[in-house]
Every structure is written in C-alpha cells, then in structure tokens.
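Colleague: I should like to learn how to read a structural model step by step. May we go through one together?

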Amino acid sequence: MTMDENLARLRAHHNNISRYPRLLRTRLLPLERQFIERRLSEEEAALQSLSASTFPNAFREPRLGRPLPVADVMS
C-alpha cells in the first residue's frame, strides 16, 4: 500500500471514530447501541494498528511509569 492509500485509510478511520460518539448520544435501541460500540472499538483498533505500521517510530509509547529518555524528548 502506498503512503497516500494509508493516509486515506487513516482519515476514514478517524472520521468514523468521530461519528460514532455522536450517534451514541442519540436514542438507540440496545442492539443498535451495541453494534455502534463494537464498530467504534474496531475502528479504534484499526486506526492504532494502521498508525503503528505507517509511522512505526512516531507512535512509540513509553512504558508506564518510566519517563522518556532525554534524547527522545529533544528529537
């Protein structure tokens, strides 16, 4: 996949993630709410996975409870 394709997919996931909470604030049947919550979770996982594979160094998270090394903060 090219960078442009990855960026388009990232944008689509982001747009979906932005839309689902708005839908959850509306009146929904329990089954509809469950479906949207599941889709939101799937979109967040897909966005995280695609982000990590597209920008492997930019989205590296520090381990919990450990500060970033100074070299990482300054770069």
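Predicted model: local features only at pLDDT ≥ 70, side-chain atom pairs only at ≥ 80, totals over all residues.

Colleague: Let us begin with the overall fold. How many helices and strands are there in the protein chain?

Modeller: One begins by listing the elements of secondary structure. The protein chain has 3 helices and 0 strands. Along the sequence, the pattern reads α-α-α.

Colleague: What share of the contacts joins residues 24 or more positions apart?

Modeller: Among the contacts in the protein chain with a separation of 6 or more, 51% are between residues 24 or more positions apart.

Colleague: What can be said of the surface and of the buried residues?

Modeller: The accessible surface of the protein chain is about 6400 Å². Carbon and sulfur atoms account for 57% of that surface. Of the 75 residues in the protein chain, 17% are buried.

Colleague: How does one check the length of a helix?

Modeller: One compares an expected span with the distance between the end C-alpha atoms. For helix 1, 22 residues at 1.5 Å a residue should span 32 Å, and the end C-alpha atoms are 32 Å apart, which agrees. For helix 2, the 25 residues should span 36 Å, and its end C-alpha atoms are 36 Å apart, which also agrees.

Colleague: Which residues are buried in helix 1, and how are they arranged around its axis?

Modeller: The general idea comes first. An α-helix has 3.6 residues a turn, so residues three or four places apart point the same way. In helix 1, the buried residues are N6, L10, H13, N16, I17, Y20 and L24. Viewed down the axis of helix 1, these buried residues fall within an arc of 125 degrees, so they line one face of the helix. D4 and R11, on the other side of helix 1, are exposed.

Colleague: What covers the buried residues of helix 1?

Modeller: The cover includes helix 2. The relation also holds in the other direction: helix 1 is part of what covers the buried residues of helix 2. Those buried residues of helix 2 are I36, L40, E43, L50, S51 and T54.

Colleague: Which residues form the largest nonpolar core?

Modeller: To find a core, one looks for buried nonpolar residues that are joined through their side chains. Here the largest nonpolar core has 5 residues, namely I17, Y20, L24, I36 and L40. Helix 1, which covers residues 3-24, and helix 2 are the elements that give two or more residues to this core. Helix 1 gives the most, with 3 residues.

Colleague: May we look at one member of that core? Is I17 buried or exposed?

Modeller: One compares the relative accessible area with a cut-off. I17, in helix 1, has a relative accessible area of 17%. I17 is therefore buried, because buried means under 20%.

Colleague: Which residues does I17 touch, apart from its neighbours within four places in sequence?

Modeller: With those neighbours left aside, I17 is in contact with L40, E43, E44 and L47. I17 and E44 are 27 residues apart along the chain, and their C-alpha atoms are separated by 6.8 Å.

Colleague: Where does L10 lie, and which residues does L10 contact?

Modeller: L10 lies in helix 1 and is buried, with a relative accessible area of 10%. Leaving aside neighbours within four places in sequence, L10 is in contact with L47, L50, S51 and F55. The C-alpha atoms of L10 and L47 are separated by 6.1 Å, although these residues are 37 residues apart along the chain.

Methods:
Residues numbered from 1 in each chain as written. Heavy atoms only, no water. Helix = DSSP H or I, 4+ residues; strand = E, 2+ residues; numbered from the N terminus. Buried < 20%, exposed > 50% of the residue type's maximum accessible area, 1.4 Å probe, protein only. Contact = heavy atoms within 4.5 Å. Areas by Shrake-Rupley, 256 points an atom, 1.4 Å probe, with all protein chains shown as cover. Core = buried A, V, L, I, M, F, W, Y, C linked by side-chain atoms within 4.5 Å. Expected span 1.5 Å × (residues − 1). Arc of directions from axis to C-beta.
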